[in-house]
Amino acid sequence: MLGPVILAASRSDKMRRFVSAAPGTKQVVDRFIAGETVEQVIPVVEDATAKGLEVTLDVVGEDITTVEQSHAARDAYLELVGRLKELGLGARAEMSVKLSMFGQALEGGHELALANVRPVVEAAAAIGTTVTLDAEDHTTLDSMFAIHEELRKDFPETGCVIQAYLFRTEDDARRLAAAGSRVRIVKGAYKEPASVAYQDKAEIDRAFVRIVKILMAGEGYPMIGSHDPRLIAIAQELARQAGRKLDEYEFQMLYGIRSDEHVRLAAEGQRMRVYTAYGTDWYGYFMRRLAEKPANLLFFARSILTRG
């Protein structure tokens with residue numbers, strides 16, 4: 001299985017240097033990363049919204065090591081909020097954040113991450129949008145859920161992400177499927193041990209369906225993060241069975257993957273949100289995209305060989 005090997009490489013400085021220097025890297029990175037700056041990503045947002053899509057914006061760069069870097073991450077998101085406000089895009093563009101980027105893994109990281117993310121959530125609410133807390137590896141989740149619960153006291157639209165491959169997630173879904181909650185369900189993209197996570201794709205898919213069923217039957221707002229046509233069709237049927245209207249749930253897919261499907265779902269009246277990452281520290285995000293799908297890795301390998 002190449003996926004776990006690639007995920008391990010996503011934490012390797014040696015592999016980071018090798019991949020960054022490879023001649024075909026930029027061509028592939030550009031497929032998944034919408035730009036390096038706010039000014040480069042704004043036209044992507046405008047193009048998506050013109051097509052009837054919505055977006056969630058992620059400033060990449062979770063592997064920080066200093067408090068100063070965590071403050072810089074906060075400021076990067078505040079800059080993004082400012083540009084969305086100027087352009088009147090708040091209603092169609094929300095934000096996704098990784099708390100590790102806000103200092104969660106540093107000493108006193110829980111309090112630091114909460115202090116950094118709160119002004120971003122507050123600024124987002126002021127322009128009519130919201131923030132979703134991305135899920136990372138399983139050791140970070142109790143902190144993430146606690147921060148999520150704290151933020152929702154003042155900003156109830158704050159969302160969070162759960163991952164189908166973790167054994168704990170069905171219980172988390174039941175707890176989170178309450179009125180006013182916003183929950184994104186994804187399969188999961190971190191290397192997790194067999195003691196806490198399913199390892200077999202079929203088992204993960206079955207867990208995904210069980211969790212979608214819980215969310216659709218609940219009182220919250222489910223956000224279905226998948227590119228799998230079969231899982232998308234199942235989610236649509238579960239929504240129908242639960243009596244949900246088209247504006248009572250949404251689908252989310254990554255920028256650069258199945259773009260035609262984004263437009264098709266939106267044209268059918270489905271709410272379709274594109275997870276759009278940008279920034280200079282793209283390596284960890286990029287490697288997880290390679291790990292998720294063998295075709296992405298083959299595309300990357302062909303690009304290197306062609307450029308080489």
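Start by selecting Ser100: leaving aside residues up to four places away in sequence, Ser100 touches Glu62, Ile64 and Glu136 (contact means heavy atoms within 4.5 Å). This is a predicted model, in which local features need pLDDT of at least 70 and side-chain atom pairs count only at pLDDT 80 or more, while totals for chains, interfaces and linings use all residues. Residues are numbered from 1 along each chain as its sequence is written, and side-chain values use heavy atoms, with hydrogens and water left out.

Stop 1: Is Ser100 buried or exposed? Its relative accessibility is 13%, so Ser100 counts as buried (buried is under 20% relative accessible area, exposed over 50%, partly exposed in between, with a 1.4 Å probe and protein chains only). Ser100 sits in the loop that links β2 (93–97) to α6 (109–126) (helices, H or I of at least four residues, and strands, E of at least two, are DSSP runs numbered from the N terminus).

**Stop 2: strand β2.** Next, step back along the chain to β2. The rest of the structure largely encloses β2, because 5 of its 5 residues are buried.

β1 (residues 54–59) runs parallel to β2 and is joined to it by 3 bridges (strands pair if DSSP finds at least two bridges between them). To find one of these, pick Thr56, whose bridge partner in β2 is Glu94. With helix α5 (residues 67–87) shown as well, β1, α5 and β2 form a right-handed β-α-β unit (with the strands pointing away from the viewer, the path from the first strand over the helix to the second runs clockwise). Another 3 bridges join β2 to β3 (residues 131–133), again in parallel, and Val97 has Leu133 as its bridge partner in β3. The chain gets from β2 to β3 through α6, and this crossover is right-handed too.

**Stop 3: helix α9.** Select residues 201–217. This helix has 17 residues and spans 24 Å from first C-alpha to last, close to the 24 Å expected at 1.5 Å a residue (the expected span being 1.5 Å times one less than the number of residues). At its start, look for Asp200: one of its side-chain oxygens comes to within 3.1 Å of the backbone nitrogen of Ala202. The buried residues of α9 include Ile204, Phe208, Ile211 and Leu215. Show what surrounds them: the buried residues of α9 pack against β4 (159–163), α8 (169–176), β5 (182–186), β6 (221–225) and α10 (229–241).

**Stop 4: strand β7.** Finish at residues 250–254. How many residues of β7 are buried? The count is 5 of 5, with Glu250, Gln252 and Leu254 on one face and Phe251 and Met253 on the other. β7 pairs with β6 in the parallel sense over 3 bridges, and Met223 has Glu250 as its bridge partner. On to β8 (residues 272–278): β7 and β8 pair in the parallel sense over 4 bridges, with Tyr275 as the bridge partner of Leu254. Between these strands, display helix α11 (residues 259–267); β7, α11 and β8 make a right-handed β-α-β unit.

Notes: A polar contact is a pair of N or O atoms within 3.5 Å; within protein, one must be able to donate a hydrogen and the other to accept it, and residues adjacent in sequence count only if both atoms are side-chain atoms.
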